[in-house]
Amino acid sequence: KAVVSTQSTGNTVESFSDCVLKQLPLLVSVKPIKLIIVDSIAAPFRAGEVEGGGVRRAQIIRSIGQQLKFLASQYKLLVVVLNQATDSPTKGRQPALGMTWSYLVNSRLRIEKFDLEQSVVGSRRVVVEKASCVKSGTSVKCTIQKEGFL
């Protein structure tokens with residue numbers, strides 16, 4: 001088990017970008033890693049401003065997305081990236097990284113809570129929003145417990 005974390009260097013866009021673009025490629029080249037989980041890709045971007053503004057922010061997001069796709073292809077591994085959601089009075093619930101990130105992903109799943117009055121604690125529905133091999137809108141019910149997804 002190998003764990004790479006930006007927590008020790010600070011949760012900044014720069015440390016996160018350095019981790020994905022420099023440290024992670026070195027790690028997967030020497031360790032038999034088959035799964036990368038990024039939780040949460042939006043957190044560093046929401047924590048502070050990016051020097052250079054929106055254009056630079058979009059460039060960094062694209063670089064990170066392209067690097068993760070390259071590593072997945074090159075090393076035959078699965079990359080799972082969690083994105084936060086934001087609520088907007090006019091647009092409703094939207095992915096935190098917006099359109100820049102949405103164009104980079106191959107598959108997109110949304111995990112949503114059930115109506116709490118009618119469900120067991122931890123009940124969720126996983127909905128396919130974008131995928132090449134499954135029809136959009138397909139969903140499955142599951143429960144999140146300490147053992148994981150059931």
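Student: What makes Glu112 and Arg125 a salt bridge?

Tutor: In this predicted model, the closest N and O atoms of Glu112 and Arg125 are 2.9 Å apart. A salt bridge requires a side-chain nitrogen of Lys or Arg within 4 Å of a carboxyl oxygen of Asp or Glu. The value of 2.9 Å is within 4 Å, so the pair is called a salt bridge.

Student: What makes Arg108, Arg110, Glu112, Arg125 and Glu129 one network?

Tutor: These residues are joined by salt bridges that share partners. Glu112 also meets Arg110 in a salt bridge, at 2.9 Å from N to O. Glu129 and Arg108 form another, at 3.3 Å from N to O. Because Glu129 lies in strand β6 and Arg108 in strand β5, that pair ties together parts 21 residues apart in sequence. In the whole structure, 5 salt bridges are found.

Student: Why is Arg125 called partly exposed?

Tutor: Its relative accessible area is 24%. Buried means under 20% and exposed means over 50%, so a value in between is called partly exposed. Glu112, with 22%, is likewise partly exposed, and so is Glu129, with 32%.

Student: How do you know whether Ser102 is buried or exposed?

Tutor: Ser102 has a relative accessibility of 15%. The limit for buried is under 20%, and therefore Ser102 counts as buried. Ser102 is located in helix α4, and it touches Arg108 and Lys130, leaving aside residues up to four places away in sequence.

Student: How many disulfides does the count give?

Tutor: The count comes to 0 disulfides. A disulfide would need a pair of cysteine sulfur atoms within 2.5 Å. As for individual cysteines, Cys19 is buried, at 9% relative accessible area, whereas Cys133 is exposed, at 69%.

Student: Which residues are the closest to the centre of the largest pocket, and how much space lies in that pocket?

Tutor: The largest pocket holds about 1400 Å³ of space. Its lining has 40 residues, and Val81, Leu82, Ser107, Arg108 and Leu109 are the closest to its centre. Elements that give two or more residues to this lining include α4 (98-102) and β6 (123-130). The largest share, 6 residues, comes from β5.

Student: How do the residues of this lining divide into nonpolar, polar and charged?

Tutor: The lining of the largest pocket has 22 nonpolar, 9 polar and 9 charged residues.

Notes: Residues numbered from 1 in each chain as written. Predicted model: local features only at pLDDT ≥ 70, side-chain atom pairs only at ≥ 80, totals over all residues. Heavy atoms only, no water. Buried < 20%, exposed > 50% of the residue type's maximum accessible area, 1.4 Å probe, protein only. 1 Å grid on protein atoms, 1.4 Å probe; cavity = no way out; pocket = protein on both sides within 12 Å on 5 of 7 lines; lining within 4 Å. Points joined across faces, edges and corners; volume = space filled by probe spheres on them. Helix = DSSP H or I, 4+ residues; strand = E, 2+ residues; numbered from the N terminus. Nonpolar A, V, L, I, M, F, W, Y, C, P; charged D, E, K, R; others polar. Contact = heavy atoms within 4.5 Å.
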